[in-house]
Amino acid sequence: MTTDIERRLARELPDYARVVLDSLEAAGYEAWVVGGWVRDALLGRPGHDVDVTTSAPWQDTARVLRACGIEVHETGTAHGTVTAVVDGRPVETTTYRVEGAYSDRRHPDEVRFVTDVREDLARRDFTVNAMAFHPMRGLLDPFGGEKDLASRVIRAVGEPRRRFEEDALRVLRAVRFACRLDATIEPATQDALVACAPELSAIAQERIGQEMDGILATGRAAWALRREFSVLAAAVPELAEMEGFDQKSPYHAHDVLEHTARVCAGVEEFTGGDALPALRWAALLHDVAKPTCWSEDVSGRGHFFGHPEEGARVARRVMGRLAIPGDVTCASSALVLLHDFEIRATAPSMRRMLSELEAAAPGQARPLAFALLDLKRADAVAKAPACMGYAVELDAMSGALRRELAAGAVWRVRDLAVRGADVIRERGIEPGPGVGMVLAQLLEAVKAGEVPNDREALLAWLRW
């Protein structure tokens, strides 16, 4: 019997995907929609790329679809996959398959094509990803994925240890799906992923970077740090020393790990869950160098001299290794570098902050200025109670920043109302490095509020 949910999914299935299903089934083959579209549609979430699995060998899939006038690209034929393009939308279409042993813990040694879709579903990672849907036959759910999805549970298909030993990256995928779906991980699956987490060392770093980026993008990094730290530390070993690291400071009520988790939660709160990727990475890594930079004075108080600078270096190394985009890496390391930078609710202080951000992340100072204030807010509320009031003071600094930007803030030489030619004329010097030195001095005077960024005032300064 067709359920209301199945009728809804049939209505929501995109027409371009139906074209692929109908074309294959008209030719005598069986075909189903699988993967993320089914999972997200059951949750009532907006569209995910549609994937199709079929009993047709990939050669027949390509032949049938092309005969129907559909563009086909042979994108992964070793695994039985071609990509159909209908109305400009890709539909990855794969022959039912099962996989052999995974000697390298990442890729199957062999792929064997089968004729039963249930065998194909049995090879998949988690029950919520092991469902198939057809607009006429309804939902095929041999492993209870719909129930787990409704209960917000991540459960491995079959024997959990085997699933993770096949592909160690599934350890991080489990955490990402738990974060994305606001789910818990079923106990046997949890035990297996912790046991298999060390196998992440054999996985390509860029793949780990994609999963870590996905975890941060859910906005639930704090949950992951608290509940799945052994997995995150296996993925990013530089995080490991944060756990249990007593800061021995009157400014901190938590160890470095719990403080970091609270900062990650704070940036989501202060940005309404829409934090920049660079800010999320900075929240995760802002204190990563504290254990390395720790020292203790004669009174037993802990200090972390130089940890922002060392943290920025570590952030660049970690994010570079994980193949995070360069602009995000540059911006994030700038935020880590400046997260303890002293600022006040004055125009000169805002100019100095913008100038420091510009030097650390050229071209990104304006958006990063607000991100830095949010990082500082989150850092403040994650400290000892006596320090939390600083978050309120930052509201005044945000107001000062907005006013300064609206007034045409100056933090780069190119923002000055004079140019190098003016320096040459007014100072009577030859073109060369000396011109840049004068402009840099003039910029410092403007940033300090000693002279307004008015052309006549600047020319008078040059003549003085």
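Trainee: Which residues in α8 meet which residues in α10?
Mentor: Keep in mind that this is a predicted model. On the α8 side, L169, L172, R173, V175, R176 and C179 take part, and they meet R207, I208, E211, M212, G214 and I215 in α10. By class, that contact has seven nonpolar, one polar and four charged residues.

Trainee: What makes α8 roughly parallel to α10?
Mentor: Helix α8 (residues 169-180) and helix α10 (residues 205-217) pack at an angle of about 15°, with axes 9 Å apart. Angles under 35 degrees count as roughly parallel, so α8 is called roughly parallel to α10. The crossing of the two helices, α8 and α10, is left-handed.

Trainee: Why is α19 called mostly covered?
Mentor: Buried means under 20% relative accessible area, and 13 of the 17 residues in α19 are buried. As for its span, α19 (residues 365-381) reaches 24 Å from its first C-alpha to its last, close to the 24 Å expected at 1.5 Å a residue.

Trainee: How do you know that D87 is exposed?
Mentor: Its relative accessible area is 73%, and exposed means over 50%, so D87 is exposed. You will find D87 in the loop between β4 (81-86) and β5 (89-95).

Trainee: What is the phi of D87, and what is that of A323?
Mentor: D87 has a positive phi of about 50° although it is not a glycine. A323 is not a glycine either, and has a positive phi of about 60°. A323 lies in the loop between α16 (307-321) and α17 (326-338).

Note on methods:
Residues numbered from 1 in each chain as written. Predicted model: local features only at pLDDT ≥ 70, side-chain atom pairs only at ≥ 80, totals over all residues. Heavy atoms only, no water. Axes fitted to C-alpha atoms, helices over the stretch in contact; angles between N-to-C directions. Helix = DSSP H or I, 4+ residues; strand = E, 2+ residues; numbered from the N terminus. Parallel < 35°, antiparallel > 145°, perpendicular 65-115°, else oblique. Left-handed = near helix turned anticlockwise from the far one by under 90°. Contact = heavy atoms within 4.5 Å. Nonpolar A, V, L, I, M, F, W, Y, C, P; charged D, E, K, R; others polar. Expected span 1.5 Å × (residues − 1). Buried < 20%, exposed > 50% of the residue type's maximum accessible area, 1.4 Å probe, protein only.
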